[in-house]
Amino acid sequence: MEKSVEQMALDERKFLHDLSNQLVVAQGMGAIVHRGLVNSEVEIDPKIIERIEKGNKAVDKMIVLIKERRALLHQIK
């Protein structure tokens, strides 16, 4: 059974939506961990904070890429 371009775009949009939901969870958890590390009364190695910040930035970039891809797929009719 061959899928139409429209059906493939719809399937990809659904997949990207599901993936985006998981990234938003990761984004929120990363932000919570970052705040906890920054506000900790215990001294935290700055490299650890730097790593969580890099991870958070990577998740933010993935979310933007997914939004851009979903917008492109919405144009397919």
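Colleague: What's the handedness of the crossing of α1 and α2, left or right?
Modeller: In this predicted model, α1 and α2 make a left-handed crossing.

Colleague: Which residues do those two helices cover, and at what angle do they cross?
Modeller: Helix α1 takes in residues 5-38 and helix α2 residues 46-74. Their axes cross at roughly 160° and come within 9 Å.

Colleague: And why those two values, angle and distance?
Modeller: Because two packed helices are described by the angle between their axes and the distance between the axes.

Colleague: OK, so is α1 roughly parallel or roughly antiparallel to α2?
Modeller: Roughly antiparallel. The cut-off for that is over 145 degrees, and the axes here cross at roughly 160°.

Colleague: What kinds of residues make up the contact of α1 with α2?
Modeller: There are 17 nonpolar residues in that contact, along with seven polar and six charged.

Colleague: Which residue does Arg 69 pair with?
Modeller: Arg 69 forms a salt bridge with Glu 12, at 2.9 Å from N to O. Arg 69 sits in helix α2 and Glu 12 in helix α1, so this pair ties together parts that are 57 residues apart in sequence.

Colleague: How accessible are Arg 69 and Glu 12?
Modeller: Arg 69 is partly exposed at 36% relative accessible area, and Glu 12 is partly exposed too, at 26%.

Colleague: What about Lys 14, who's its partner?
Modeller: That's Asp 18, with the side chains meeting at 3.1 Å, N to O. Both residues lie in helix α1, four residues apart, which is about one turn of the helix.

Colleague: Is Lys 14 buried or exposed?
Modeller: Lys 14 counts as exposed, because its relative accessibility is 54% and the cut-off is over 50%. Asp 18 is partly exposed, with 34%.

Colleague: Switching topic: where is Val 25?
Modeller: Val 25 is in helix α1. With 47% relative accessibility, Val 25 counts as partly exposed.

Colleague: And how far apart are the C-alpha atoms of Val 25 and Arg 35?
Modeller: They're separated by 16 Å, with the two residues 10 apart along the chain.

Notes: Residues numbered from 1 in each chain as written. Predicted model: local features only at pLDDT ≥ 70, side-chain atom pairs only at ≥ 80, totals over all residues. Heavy atoms only, no water. Axes fitted to C-alpha atoms, helices over the stretch in contact; angles between N-to-C directions. Parallel < 35°, antiparallel > 145°, perpendicular 65-115°, else oblique. Left-handed = near helix turned anticlockwise from the far one by under 90°. Nonpolar A, V, L, I, M, F, W, Y, C, P; charged D, E, K, R; others polar. Buried < 20%, exposed > 50% of the residue type's maximum accessible area, 1.4 Å probe, protein only. Salt bridge = Lys/Arg side-chain N within 4 Å of Asp/Glu carboxyl O.
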